[in-house]
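Trainee: Could you walk me through reading a structure like this one? I would like the general idea before each case.

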Amino acid sequence: MFFRMWMRAVWVEGDVEVESTVPETWVNLCNKFVWWPPVVNAENFLKERREPAEKWRKFPLVKIKLTSGRE
């Protein structure tokens, strides 16, 4: 069994495409959006792999470039 842990995602913020590596729980593949925490620096959220919350922002997902994980 394979468990994905991280995704290299591309999404749109306003008129700009943004690319970053995020926990897979931050990406909704069914509805094609990416969650992002409402903070200036999301480093701690990323390190702790925090679960998205209602107040998080949603951005349209463009594509997933890469996934990584462990078996």
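**The nonpolar core**

Mentor: Of the 16 residues in the largest nonpolar core, those touching the most other members are Ala 9, Trp 11, Val 22, Trp 26, Val 27, Val 34 and Trp 36. Such a core is a set of buried Ala, Val, Leu, Ile, Met, Phe, Trp, Tyr and Cys residues joined through side-chain atoms within 4.5 Å; buried means under 20% relative accessible area, exposed over 50%, partly exposed in between (1.4 Å probe, protein chains only). At least two core residues come from each of β1, β4, α1 (43–48) and β5 (57–70), and β4 gives the largest share, four residues.

Mentor: This is a predicted model, where local features need pLDDT of at least 70, side-chain atom pairs count only at pLDDT 80 or more, and totals for chains, interfaces and linings use all residues. Residues are numbered from 1 along each chain as its sequence is written, and side-chain values use heavy atoms, leaving out hydrogens and water.

Trainee: Which residues is Val 34 in contact with, leaving aside neighbours within four places in sequence?

Mentor: Contact means heavy atoms within 4.5 Å. Val 34 has Ala 9, Trp 11, Trp 26, Val 27, Arg 57, Lys 58, Phe 59 and Leu 61 as such partners.
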